[in-house]
Amino acid sequence: MPNDLMTTASPSGTAAPASGHAPVVCLLGPTASGKTAAALALAAQTPIEIISLDSALVYREMDIGTAKPSPTELTAVPHHLIDIIDPADSYSAAQFVTDAERLIVEIRARGREPLIVGGTMLYYKALTQGLNDLPQADPALRAELDALAAERGWPALHAMLGEVDPVTAARLAPNDAQRIQRALEIHRLSGHPMSALLARQADERTFAGAADLRYRVIALEPSDRAVLHARIATRYDAMLAGGFIEEVQRLRARGDLQPALPSIRCVGYRQVWEYLDGETDFDTMRERGLAATRQLCKRQLTWLRSTPEREVVDCLAPDYVAQVARLARIGQA
């Protein structure tokens, strides 16, 4: 379980950090790229505390399917923003920004340096570029859209989106359920297309981070995506063998969770939930879980490659950990 230095989300806002600090190092990468190993190696060399940049690791009781660091790894170096909320609750990019900025200040006040590690690129974008003032999620509306999709299929909802927000629909695949649902939700709640709101807010956006915080990005990216896909398959099979299905069974047994929740929508969990509902057999569940993980990997790499300030390390290189250590220069300008 997490050590005592892990912190919970705070609604109190952030204090202004002291000026003159070196950039905060962010170690980003797709799933299975070796971020944890590199971070622990850095921790062995430099007094750091890790701030998790992962929208799945925030949930308690979800350890196997999220590939959460082991208890040994969690106690080797202070970690933050892991195991901080119940699966019945939600955690937003706005909350992450508030928590991360506060933690950066607190960690530096302790004479250590923060290291941000993870693959939730939306959180990184929110931290460094600011937040869009879009409507909050509406569970009832999402359930309504899910029911409609179950009846008609996501391509039909994609067509609906095309009628009210053709700009957003044009950039989404017909089966991109999560993004189609969010775009329809925003239109229903605001009365405006998401694309129009984003365009209008682009010039109005204020920087979400404290004014004097700077960031240095190290990106773990594979030179051969097929090798990373093989890693993903190996890890997913290890999860299944290690009790992933039983973990989801325990979540289901609580009685207060359902598939529309953000926690159960996490990659892998939805597929196992459907399997336990009898909607698929084991082999289909496994293949769908792997496909969803590969799609996540693809999205993460797309986000990374649109980040020009990043310094790239081939995560498949035998010395990738040493390369990360050379680039990190934690605490240095």
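**Close-up views of a predicted model**

View 1. The open sheet holds 6 strands in the order S3-S2-S4-S1-S5-S6, with parallel pairing; two strands are said to pair if DSSP finds at least two bridges between them. Strand S3 (79-80) and S6 are the edge strands, each of which pairs on one side only. This is a predicted model, in which local features need pLDDT of at least 70 and side-chain atom pairs count only at pLDDT 80 or more, whereas totals for chains, interfaces and linings use all residues. Residues are numbered from 1 along each chain as its sequence is written, and side-chain values use heavy atoms, with hydrogens and water left out. The secondary structure of the protein comes to 14 helices and 6 strands, where helices (H or I, at least four residues) and strands (E, at least two) are DSSP runs numbered from the N terminus.

**View 2. Strand S5 between its two partners.** Strand S5 (residues 215-221) is mostly covered, since 7 of its 7 residues are buried; buried means under 20% relative accessible area, exposed over 50%, and partly exposed in between (1.4 Å probe, protein chains only). In a regular strand the side chains alternate between the two faces of the sheet. In S5, Tyr215, Val217, Ala219 and Glu221 point one way, while Arg216, Ile218 and Leu220 point the other way, and all are buried. Strand S1 (residues 24-28) pairs with S5 in the parallel sense over 5 bridges, and leucine 27 has isoleucine 218 of S5 as its bridge partner. S5 also pairs with strand S6 (residues 311-314), in the parallel sense and over 4 bridges, and here isoleucine 218 stands opposite glutamate 311 of S6. Helix H13 (residues 282-305) lies across S1 and S5 and runs at about 135 degrees to S5.

**View 3. The packing of helices H5 and H6.** Two packed helices are described by the angle between their axes and the distance between the axes. For helix H5 (residues 139-152) and helix H6 (residues 154-164), the axes come within 7 Å and cross at roughly 120 degrees; axes are lines fitted to C-alpha atoms, for helices over the stretch in contact, and angles run from 0 to 180 degrees between N-to-C directions. H5 and H6 are therefore oblique to each other, given that angles under 35 degrees count as roughly parallel, over 145 as roughly antiparallel, 65 to 115 as roughly perpendicular and the rest as oblique. The contact (heavy atoms within 4.5 Å) is made by Leu145, Asp146, Leu148, Ala149 and Arg152 of H5 together with Trp154, Ala156, Leu157 and Met160 of H6. By class, this contact of H5 with H6 has 7 nonpolar, no polar and 2 charged residues, where Ala, Val, Leu, Ile, Met, Phe, Trp, Tyr, Cys and Pro count as nonpolar, Asp, Glu, Lys and Arg as charged, and the others, Gly among them, as polar.

**View 4. Aromatic pairs.** A search of the whole structure finds 5 aromatic pairs; rings of Phe, Tyr and Trp (its six-membered ring) pair if their centres lie within 6.5 Å, and planes under 30 degrees apart count as stacked, over 60 as edge-to-face and the rest as tilted. One of these pairs joins tyrosine 236 and phenylalanine 244 edge-to-face, at 6.3 Å centre to centre and with 85 degrees between the planes. Tyrosine 236 counts as buried at 3% relative accessibility, and phenylalanine 244 is buried with a relative accessible area of 0%. The rings of tyrosine 275 and phenylalanine 282 have their centres 6.1 Å apart and their planes at 80 degrees, so this pair is edge-to-face. Tyrosine 275 counts as partly exposed at 25% relative accessibility, and phenylalanine 282 counts as partly exposed at 33%.

**View 5. The surroundings of alanine 137.** Alanine 137 is found in the loop between helix H4 (121-129) and H5, and is partly exposed, with a relative accessible area of 45%. Leaving aside neighbours within four places in sequence, alanine 137 is in contact with Arg142, Arg182 and Glu185. The C-alpha atoms of alanine 137 and isoleucine 186, which are 49 residues apart along the chain, are separated by 8.3 Å.
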